[in-house]
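Reader: I'd like to learn how to read a sheet and the helices around it. Could you walk me through one?

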Amino acid sequence: FMANPALFESIIFSDDRERVMAHSAEVGREGVCEGMDFRIVHKNGEVHWIAHRCKAVMGADGHYRGRRGSNRDITERMTMYEALRVREDTISALLNAVTESALLIDREGVVLAANEATVRRLGGKPGEMTGANVFLFLEPNVAAGRKSWIEEAIRTGRPVRFNDVRDGMVYDNHIYPIADPSGEIYRLAIYGRDSTEEMKNLKELEESRRFSEKILSISPDIIYIFDVRKKRITYSNRSIAETLGYSPEEIREMGDGLMRRIIHPDDLSIVAQNAARVADAGEGRIVESEYRMKHADGSRRWILSRETAFSRLPDGALEQILGVARDITERKVAEMEHLINERRLESLQKLHGMSDVSIERIYDFVLNESTALTGSAVGFIGIMDSGGEKCVIHAWSASAMEECAVKNIYREFSI
């Protein structure tokens, strides 16, 4: 450093250099004595944190002569702070990602962070819980039980799981102790899930797999996993039997012929394109589509499916699709009936305005509208006499004339 006065400036980390040089200039200009932390590049290439403290040295005439300073390596401490910061950021992200109660407290119960579900369930207001003691928001008997579980988590350093009851609601709680770098428990993450309905139906979960299976079994929607490479459903819940009449075993036995057997021929392209859409969608994105499926009794069902990537291969290619399918037949039928009623009304309005046209044009209009509304391939309009002995055809659809080999529209038939 004595031989190269510019060496110190050259080893300052590039992102900190401007700030350090500004500090040096300010000390010379103002005689400021404040310290600062910055990074330097060690001779071996490693980046080190330095705690810098300095003081201006003034001459007898009051003029700035230089500065006296000290630099201390604080890399270990800053590394520790960075690890703590990353941990806190991770905890904050986890809190905000869940819809159930989640909060972070210190050993004494002071709330360091809480999500909206926690505030809502404990009857607090947004912002008022942070810094307050969580036990103030609980009934005395509930608070006493919580304290004992927290003490156990601190004592053992291991996660604790327990249930408590508040206002007739059952909550499944998890306490996760968090240790500082020295190994001492200094914070606790608490996750609380409303398990009231679950406890009524299952009494108590013995493992997370049983809970997942129960949720799938009570869902009214079809929940399935589709293997893209094998082109077959590898899992489906029991709702598929109620919706389509097939058991999960029958669906699996259909193998790669599933699509051809139960998807409406006109909708096969929609279903086939779904895998590509899911593959191209980002992680967590949902792909929706509507199509018709064949019920075991031969009828057709309209289905709304919502699919997302369930698993991918190491190269990123889509492997399995997780889907939820809902029967929307009643809604689709209602929509179609509504559209038909609207078209009927439009047709009647048009017919009402045809008072000045010939009866032949009116016949043709009524025939065309009727076949369009009913979806008929052929059609004709005939009027039977009062005696029921003959019928006069006044209008034929083109397909009907071709089918019946009729050349003259106006035809009379004996009954």
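This is a predicted model: local features need pLDDT of at least 70, side-chain atom pairs count only at pLDDT 80 or more; totals for chains, interfaces and linings use all residues.

Reader: In what order do the five strands of the open sheet lie?

Author: Strands (E, at least two residues) and helices (H or I, at least four) are DSSP runs, numbered from the N terminus. Two strands pair if DSSP finds at least two bridges between them. Here the order is β10-β9-β13-β12-β11, with antiparallel pairing. β10 (232-236) and β11 (287-294) are the edge strands, each pairing on one side only.

Reader: Over how many bridges do β9 and β13 pair?

Author: Six: β9 (residues 222-227) runs antiparallel to β13 (residues 318-327). Ile-223 stands opposite Val-324 in β13.

Reader: Which strands does helix α12 touch?

Author: Contact means heavy atoms within 4.5 Å. Helix α12 (residues 329-352) packs on the sheet and touches β11, β12 and β13.

Reader: How do the axes of α12 and α13 cross?

Author: Axes are lines fitted to C-alpha atoms, for helices over the stretch in contact, and angles run from 0 to 180 degrees between N-to-C directions. The axes of α12 and α13 (residues 359-374) come within 11 Å and cross at roughly 175°. Angles over 145 degrees count as roughly antiparallel, under 35 as roughly parallel, 65 to 115 as roughly perpendicular and the rest as oblique. The two helices, α12 and α13, are therefore roughly antiparallel to each other.

Methods. Residues are numbered from 1 along each chain as its sequence is written. Side-chain values use heavy atoms; hydrogens and water are left out.
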